Each structure stands twice: as structure tokens, then as C-alpha cells.
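Thanks for coming. I will take one protein model today and go through it piece by piece. Please have a look at it before I start.

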Amino acid sequence: MGSLKVTLCAGAALATALCAPAAYTYAADGGVVLVSPSAPAPGTDVTLRVPGCTEKTAVAVSGAFESDVRLALTERDGVLVGAGRVRTSVRAGAYVVQVTCGDRARRGTITVRDEGRPAAHASPVAPVDAGGGGTSGLAASDTGAAARVDAPGTAHTLTGLVLAGIAAVAVALRSVRSRSRGTD
């Protein structure tokens, strides 16, 4: 069974290696901008690739993006690559993505799916309304009348001392027991 898995994986790797250069050659000849995923939902991050461009940097422009996407040349394969985000307010449909590469304009298409609003961001992108928790009542009052103004009294002090004494006795008894057993 293990040799079957190895054979399948090797076949998949070989197919990928043989098909990928053909796809890039076609894209370079046609002057296409490759968008991945090609059909994202609003608010999704996308990756742009422009193969065969002689420039080191470029900017991709589309009505579907939150802002222009800066592309930079990768050392590995000489392809311009950049990442952007589809606007959360964009309507479903096809949008043109244009990149000017030297004296040639490259075009691609991004088809935005209609899947409602995106999930929450992994990290905050704007100020967070976190509320006040237990201090909200204190912050809401102008005078701070609800706040405690006097320090803990004698009863609190005695309770703290008794609890600290009990803890010290428990630690001492435990260390005496472990020494009598011969283990630490």
C-alpha cells in the first residue's frame, strides 16, 4: 500500500512540473494577469501573478480591490507577485484587473462571488469597541461615587494574615512529610 501512495504522489508531482511551465508560457505570450483565487467572495485576500514582465515592480488596478496592489519581482521565478483584498462592499460580478508592464498593459479578470459578508478579520482593522467590563459603571459616573474610597479595614488585614499563616503551615508540613519518606 505504501508504494501505491508513493507512485501517486510522484505522478502528481510530475504532472504539476510539466503543466506549470506550459501555463506560464501561455500567460506570458497572452499578457495575462493571474488572480488566485479567481472567484473570491467579498473581503477575501487574493494573490496576483504577472509572468514574463521585464519590470521589477508594477501596480495592479481593479474596481474590485480595496486599494491598488503593489507587485514585486520574485527572485525564484522572475514573476511579479503581490497580494490584495477584495472590497467587502463590492457586488458580485466580473472585474478587470490591469497591470502596466513597461509599455504593455496586461489584463486579467476576477469574478467576485455573491456569498454575503465575510467573516470577522483575524486581527482588528479599526478601533475595537471593547466595552468597560466591570469598570463601566465607574467610568459612566461623573463623580465616581460608586467607587470605593476607604482602604480595607482591620477585618481584611486579619483575614489575609490568617490565610497566609495556614498556607505557610501547609508548606512546612508537606516538606516534613517528604523528608521523612526520603523523597524530595
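I will begin with the overall layout, then go to the sheet, the core and the last helix.

This is a predicted model, so the confidence comes first. The average pLDDT of the protein is 75, and 63% of the residues score at least 70. Which element has the lowest mean pLDDT? That is helix 1, residues 2-30, with a mean of 44, while strand 5 has the highest, at 92. Over residues 6-30 the pLDDT is below 50, and beyond near neighbours in sequence this stretch has 14 contacts in the model.

Now the layout. The protein has three helices and seven strands. Of the 184 residues, 18% count as buried. Of the contacts with a separation of 6 or more, 55% are between residues 24 or more positions apart.

In what order do the seven strands lie? The order is 1-2-5-4-3-6-7, the sheet is open, and the pairing is antiparallel. Strand 1 (34-36) and strand 7 (104-112) are the edges, each pairing on one side only. From one strand to the next, the twist averages 25 degrees.

Strand 3, residues 57-61, pairs with strand 4, residues 69-73, over four antiparallel bridges.

Gly-93 stands opposite Val-112, and Val-99 stands opposite Arg-106. This hairpin has two residues between its strands, and Gly-102 takes a positive phi near 70 degrees. Why mention phi at all? Most residues other than glycine have a negative phi, and most peptide bonds are trans. The peptide bond between Ser-36 and Pro-37 is cis, with omega about -5 degrees. Pro-37 is in the loop between strand 1 and strand 2.

Now the core. How many residues are in the largest nonpolar core? It has 20, and those with the most contacts inside it are Leu-48, Leu-71, Val-97 and Ile-110. Strands 2, 3, 4, 6 and 7 each supply at least two residues of this core. Take Ile-110 and leave out residues up to four places away in sequence: its contacts include Val-35, Val-46, Phe-65, Val-86, Tyr-95 and Val-97.

Last, helix 3, residues 154-181. Is helix 3 buried or in the open? The number buried among its 28 residues is zero, so helix 3 lies largely in the open. Its length can be checked too: at 1.5 Å a residue, the 28 residues should span 40 Å, and the end C-alpha atoms are 41 Å apart, which agrees.

That is the end of my part.

Terms used:
Residues numbered from 1 in each chain as written. Predicted model: local features only at pLDDT ≥ 70, side-chain atom pairs only at ≥ 80, totals over all residues. Heavy atoms only, no water. Pairing = 2+ DSSP bridges. pLDDT = per-residue confidence, 0-100. Contact = heavy atoms within 4.5 Å. Axes fitted to C-alpha atoms, helices over the stretch in contact; angles between N-to-C directions. Core = buried A, V, L, I, M, F, W, Y, C linked by side-chain atoms within 4.5 Å. Buried < 20%, exposed > 50% of the residue type's maximum accessible area, 1.4 Å probe, protein only. Expected span 1.5 Å × (residues − 1).
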